[in-house]
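Hi,

Here is the structure I promised to pass on.

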2 protein chains.
Amino acid sequence: MNILVTINANYLKPLQVMLKSMFINNPQEEFYVYLIHSSLKEEELTALDQFISDHNHQLRAVTISDDYFKDAPILMHYTKEMYYRLLACKVLPPDLDRVLYLDPDIIVINELKTLYQLDLADYLYAAAYHKRVPIREINKIRLNAYEMEEYYNSGVLLMNLQLQRELIDEQEIFDFVDKYKNRLIMPDQDVLNSLYAKRIKTISEIKYNYDTRYYIYYRLMSKGEVDMDYVINNTSILHFCGKKKPWHKNYRGVFHALYKHYEKLTFRS
Amino acid sequence: MNILVTINANYLKPLQVMLKSMFINNPQEEFYVYLIHSSLKEEELTALDQFISDHNHQLRAVTISDDYFKDAPILMHYTKEMYYRLLACKVLPPDLDRVLYLDPDIIVINELKTLYQLDLADYLYAAAYHKRVPIREINKIRLNAYEMEEYYNSGVLLMNLQLQRELIDEQEIFDFVDKYKNRLIMPDQDVLNSLYAKRIKTISEIKYNYDTRYYIYYRLMSKGEVDMDYVINNTSILHFCGKKKPWHKNYRGVFHALYKHYEKLTFRS
């Protein structure tokens, strides 16, 4: 299974927790972890490579040099790294036809095979949209995006690399960013939703991109079905969205203890 | 390591979760699980025996027949099972000199060896008292117990069986229960505190009998030291005290996800 991550040094520890949880809960799989980065040091890469090979999986690092994406507009607060996810198809090996992108603020608590094997047909991506109505309405207004039907979360993206190489145009992305640069809040997610929403296959938010801030909301909306028992046994991907992260000192949240448990398994055993 | 449990059929599932968590987090240990019971069916015992031996540990069941403790007063709502913990030394094999009693509403998330090897010297038990001042004051008044200095929780008890056989007198316990029968709320715990408090060695509540209802309280009282990171890495025994249990449908609590995680490991892998 091909996994894609695009991190800088600040996320090295969470990335390892994410990987550890994924390895543990998918014992039958062989993982190839593609890492697109530009700023990681040699010793950081070596340590990550060691960690992954200790678990009998493989790291494949793709280092982006300065002249890549040289025409890309840069937004305040954001580096070129925001493009790595959107333009992965341009820098990953040309024979790779499918990859599952995962944010590092995730833990994988059940199997990924069903998601990975999803039939993508003519879709560029598979992703979950976060259905909470207020958020969707706000984003529609902000981006003025006629094409946008749902607001997809870009933290979990199954990518149809073959089709992306045909259909995704760097210049189109750069032009979009340039045009809307004062209005983009989460640039890669905004681009994804504005340019490609119709080419995204919708996957279950509850199963594959469960926003850990919304436990009560999900339980209510499902009339009690999606309770803790359901989540622990059926959700594959828990996503710690938002500014407060479970590795921060004063984090609070219903999955805090579970995150810390995987963190312990990652660094203390 | 000798473990003691005293359950009825209602607690068979939680018991397995407790045992599973203990096995996982104490991979170097060999466990002998003593079970004192009177009401479990043959097939329930067989299934439990299978579960434990599947994990390469041993079950040693002690069945209590009706004529045991025939002089014991019975309290409303309570069966004779309340005495199994207090009088374990009378029914366990005479060559057994030490056993660690654990409630079934517990998960063991770190090592038990340090606790188990504690020097008991002239103490009958080692136990943690729950320090919250209001509770202690209430209990002192209720039992009028001149001898009681702290209110020990009977959910985790390291037992000095050799000394108990010398010093614990069944009749003394029965007399006490008879005298206070209208005032006892948690009979075995009340007996323990009233008759034996001075013979109990105090162990750390945070490490060995962490009351999961009091996460915020512990964190505050420790000025932030005993936060989630500390608990996950240092606490050995999480105790889900109180009426609301994490295997109930509408449970809420900071360790809910972690409990469900161990429940999944117990029954679905």
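Let me start with helix H9 (residues 187–196) of chain B, which is mostly covered: ten of its ten residues are buried. Buried here takes 20 or more other C-beta atoms within 10 Å of a residue's own, exposed takes 12 or fewer, partly exposed is what lies in between, and the C-beta atoms are placed from the backbone. Among the buried residues of H9(B) are Pro187(B), Asp190(B), Leu192(B) and Tyr196(B). Helices (H or I, at least four residues) and strands (E, at least two) are DSSP runs numbered from the N terminus.

Some housekeeping before the rest. This is a predicted model, where local features need pLDDT of at least 70 and side-chain atom pairs count only at pLDDT 80 or more, while totals for chains, interfaces and linings use all residues. Residues are numbered from 1 along each chain as its sequence is written, and chains are lettered from A and ligands numbered from 1 in the order in which they are written.

Now the sheets of chain B. Seven strands make an open sheet with mixed pairing, in the order S3-S2-S1-S4-S7-S6-S8; two strands pair if DSSP finds at least two bridges between them. Strand S3 (58–63) and strand S8 (200–202) of chain B are the edge strands, each pairing on one side only. On average, neighbouring strands of this sheet are turned by 25° against each other, direction ignored. Inside the sheet, strand S1 (residues 2–5) and strand S4 (residues 98–102) of chain B pair in the parallel sense over two bridges, and Leu4(B) stands opposite Tyr101(B) in S4(B). Helix H2 (residues 42–54) of chain B packs on the sheet, touching strand S2 (32–37) and S3 of chain B, and its direction makes about 155° with that of S3(B). For such angles, axes are lines fitted to C-alpha atoms (for helices over the stretch in contact), and the values run from 0 to 180 degrees between N-to-C directions.

There is also an open sheet of three strands in chain B, again with mixed pairing, in the order S5-S10-S9. Strand S5 (106–108) and strand S9 (210–211) of chain B are at its edges with a single partner strand each, so one side of each has no neighbour in the sheet. S5(B) and strand S10 (residues 237–239) of chain B run antiparallel and are joined by three bridges, with Val108(B) opposite Ile237(B).

Tyr210(B) belongs to strand S9 of chain B. Is Tyr210(B) buried or exposed? Tyr210(B) counts as buried because it has 27 C-beta neighbours inside 10 Å. Leaving out residues up to four places away in sequence, Tyr210(B) touches Glu205(B), Val231(B), Thr235(B), Ile237(B), Leu238(B) and His239(B); contact means that C-beta atoms, placed from the backbone, lie within 7 Å.

Asn56(A) is not a glycine, yet has a positive phi of about 65°. Asn56(A) sits in the loop between helix H2 (42–54) and strand S3 (58–63) of chain A, and is exposed, with 9 other C-beta atoms within 10 Å. Ala121(A), also not a glycine, has a positive phi near 40°. Ala121(A) lies in the loop between helix H5 (113–116) and strand S6 (125–127) of chain A, and is exposed with 8 other C-beta atoms within 10 Å.

Finally, the dimer contact. A rotation of 180° with 0.0 Å of shift along its axis superposes chain A on chain B, with an RMSD of 0.0 Å. That is the relation of a two-fold axis; the superposition is by least squares on the C-alpha atoms of residues with pLDDT of at least 70 in both copies. Leu258(A) comes closest to the axis of the residues of chain A, at 2.5 Å (C-alpha). The contact takes 13 residues from chain A and 13 residues from chain B, and H13(A) gives the largest share of chain A's side, six residues.

Cheers

Conventions: Contact = placed C-beta atoms within 7 Å.
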